[in-house]
2 protein chains.
Amino acid sequence: MTRYALTLEFDGSPFMGLQRQAHGPSVQQSVEDAVHAITGETAIMHAAGRTDAGVHALAMRAHVEIEKPFTPFRLMEAINAKLRPDPIAVIACEEVPDDWHARFSCIGRAYIYRIVNRRAPLTLERGKAWQVAKPLDAQAMHRAAQFLVGRHDFTTFRSAHCQAQSPLKTLDRLDVRREGEHVLIEAEARSFLHHQVRSMVGCLAMVGMGRWREEQVREALEARDRQALGLNAPPDGLYFVRAVYSGE
Amino acid sequence: MTRYALTLEFDGSPFMGLQRQAHGPSVQQSVEDAVHAITGETAIMHAAGRTDAGVHALAMRAHVEIEKPFTPFRLMEAINAKLRPDPIAVIACEEVPDDWHARFSCIGRAYIYRIVNRRAPLTLERGKAWQVAKPLDAQAMHRAAQFLVGRHDFTTFRSAHCQAQSPLKTLDRLDVRREGEHVLIEAEARSFLHHQVRSMVGCLAMVGMGRWREEQVREALEARDRQALGLNAPPDGLYFVRAVYSGE
């Protein structure tokens with residue numbers, strides 16, 4: 001058996017999420033089906049993150065173990081050929097040691113969230129960003145974001161379906177910046193709770209719209225209560241951008 | 001009657017083109033239908049460019065004349081509301097004098113063409129860029145592009161369906177640059193022939209792939225013969241980005 005690390009780019013729109021679901025298409029199922037079509041083997045795909053329905057990835061890391069011999073390049077080409085027409089692409093592939101695990105060896109994860117801040121509806125970016133009509137103060141959002149950086153109990157920013165044992169997480173970075181009509185939010189941590197990025201973005205948007213004072217983000221955090229959440233941002237604007245491994 | 005200039009953004013994928021067609025959806029029909037729904041009036045939309053099926057726009061300029069009184073802001077909002085779910089948005093609207101014509105007053109047009117230069121198929125950019133698997137030499141493409149800048153007979157780069165009276169056009173700018181895996185081509189002229197940008201991009205791609213010498217672009221131009229065309233690039237990567245009017 002050889003273990004291959006895959007770097008995946010995908011449009012999350014048609015999927016119920018990254019992880020295999022009983023009742024709908026998933027990124028995991030598409031990749032596993034492609035591997036099966038090529039090798040006849042039933043490989044399980046493990047990924048660095050378990051993104052939700054509608055969430056995208058520019059560079060998700062994952063791994064599969066395969067008996068049949070392949071060069072990484074030929075495996076990548078073969079999987080991509082079988083993945084058509086699903087909007088998933090293997091953009092890199094390499095052999096890794098048997099103890100390298102896409103999920104458990106991952107020591108850092110990064111997301112970017114894209115808001116289009118304008119009144120006009122989305123056209124080219126439909127499903128790929130969150131349209132917010134009310135003008136956003138990105139600088140106020142950035143200042144409010146700093147209340148969330150550090151080690152905290154993120155219960156307020158956690159979905160009811162979150163499976164993590166503890167709501168304690170260390171948020172390493174949460175930066176907000178404006179680029180024209182786009183407001184971009186970058187988040188980095190060792191790991192995130194379920195819905196954490198979207199929940200944080202929702203509260204920052206409340207600040208940006210002037211419906212919350214900046215300090216209300218800190219108050220929401222300290223409440224440790226899902227009811228204190230201002231708004232959960234839609235999945236459309238969320239992209240998994242980076243998984244970090246020691247030695248890379 | 002008041003004349004309004006509209007700035008349109010659209011995803012060209014579902015349309016047979018900007019101009020009204022007998023047998024399929026068009027950007028013109030969608031906008032005219034929206035105006036009719038709001039005003040009961042049968043307005044004709046005139047646009048700066050007549051983009052093909054699958055070609056996109058970031059800022060197409062157009063105009064309509066309407067009897068019913070509106071502020072430009074309210075007209076924009078009303079058209080956008082009626083355009084849903086078509087991927088067209090009015091991103092700016094203003095009153096203009098009766099002699100301002102979106103097409104005939106336009107003195108400059110700019111397009112950008114997006115190539116994704118990689119082996120992996122497109123996911124998030126599917127329908128929004130041209131995927132070229134073979135590595136492209138963007139610097140060679142840029143050098144070859146300079147043969148086309150200036151006043152020339154562009155017969156080689158003109159569709160058989162082109163309605164322009166003369167194949168003589170002055171190309172003001174044709175720049176090629178690489179940004180990561182993207183190769184971006186920017187074209188500016190007072191006006192273009194039908195398929196001119198896609199035809200020029202196709203020939204530059206031949207140079208980028210090493211299948212043509214740089215000078216073959218000049219030879220193709222001088223042939224003044226459609227048969228000398230190397231390749232017509234697909235519409236997916238083409239965006240109308242700017243229309244220029246005197247005094248703006």
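**Entry 1: helices H3 and H4, chain B**

I began with a helix pair, and H3(B) and H4(B) are oblique to each other. Oblique is what remains once angles under 35 degrees count as roughly parallel, over 145 as roughly antiparallel and 65 to 115 as roughly perpendicular. The axes of H3 (residues 138-145) and H4 (residues 196-208) of chain B cross at roughly 135° and come within 8 Å. Axes here are lines fitted to C-alpha atoms, for helices over the stretch in contact, with angles from 0 to 180 degrees between N-to-C directions. Helices (H or I, at least four residues) and strands (E, at least two) are DSSP runs, numbered from the N terminus.

I noted the hand next: H3(B) passes H4(B) in a right-handed crossing. I then listed who touches whom, with contact meaning heavy atoms within 4.5 Å. H3(B) brings Ala140(B), Met141(B), Ala144(B) and Ala145(B), and H4(B) brings Leu204(B), Ala205(B), Val207(B) and Gly208(B). By class, this contact has 7 nonpolar residues, 1 polar and no charged ones. The classes: Ala, Val, Leu, Ile, Met, Phe, Trp, Tyr, Cys and Pro are nonpolar, Asp, Glu, Lys and Arg are charged, and the others, Gly among them, are polar.

**Entry 2: ground rules**

I am reading a predicted model, where local features need pLDDT of at least 70 and side-chain atom pairs count only at pLDDT 80 or more, while totals for chains, interfaces and linings use all residues. Residues are numbered from 1 along each chain as its sequence is written, chains are lettered from A and ligands numbered from 1 in the order in which they are written, and side-chain values use heavy atoms, with hydrogens and water left out.

**Entry 3: helices H1 and H2, chain B**

I looked up a second pair. The axes of H1 (residues 27-39) and H2 (residues 72-83) of chain B come within 9 Å and cross at roughly 115°. That makes H1(B) roughly perpendicular to H2(B). The crossing of H1(B) past H2(B) is right-handed. On the H1(B) side I find Ser30(B), Val31(B), Ala34(B), Val35(B), Ala37(B) and Ile38(B); on the H2(B) side, Ala78(B), Ile79(B), Lys82(B) and Leu83(B). The class count for H1(B) with H2(B) is 8 nonpolar, 1 polar and 1 charged.

**Entry 4: salt bridges**

I turned to charged pairs. Over all chains, the structure holds 36 salt bridges. The criterion is a side-chain nitrogen of Lys or Arg within 4 Å of a carboxyl oxygen of Asp or Glu.

In chain A I checked Arg242(A) with Glu188(A), a salt bridge at 2.9 Å, N to O. This pair links distant parts of the chain: Arg242(A) sits in strand S10 (residues 238-245) and Glu188(A) in strand S9 (residues 182-189), 54 residues apart. Arg242(A) is partly exposed at 39% relative accessible area, and Glu188(A) is partly exposed at 23%. On this scale buried means under 20%, exposed over 50% and partly exposed in between, with a 1.4 Å probe and protein chains only.

In chain B, Glu125(B) and Arg114(B) form a salt bridge, with closest N and O atoms 2.6 Å apart. Glu125(B) lies in the loop between strand S5 (106-117) and strand S6 (130-132) and Arg114(B) in S5, so the pair ties together parts 11 residues apart in sequence. Arg114(B) is partly exposed, at 25%.

I also found Arg118(B) and Glu181(B) meeting in a salt bridge at 3.2 Å, N to O. Arg118(B) is in the loop between S5 and S6, Glu181(B) in the loop between strand S8 (168-179) and strand S9 (182-189) of chain B, 63 residues apart. Arg118(B) is buried, at 9%; Glu181(B) is partly exposed, at 30%.

Arg84(A) and Pro85(A) are joined by a cis peptide bond, omega about 5°. Pro85(A) is in the loop between helix H2 (72-83) and strand S4 (88-96) of chain A. In chain B the bond from Arg84(B) to Pro85(B) is cis, with omega near 0°.

His195(A) has a positive phi of about 75° although it is not a glycine. Its place is the loop between S9 and helix H4 (196-208) of chain A. For His195(B), phi is near 75°, also positive. His195(B) lies in the loop between S9 and H4 of chain B, and is buried, at 19% relative accessible area.

Methods. Left-handed = near helix turned anticlockwise from the far one by under 90°.
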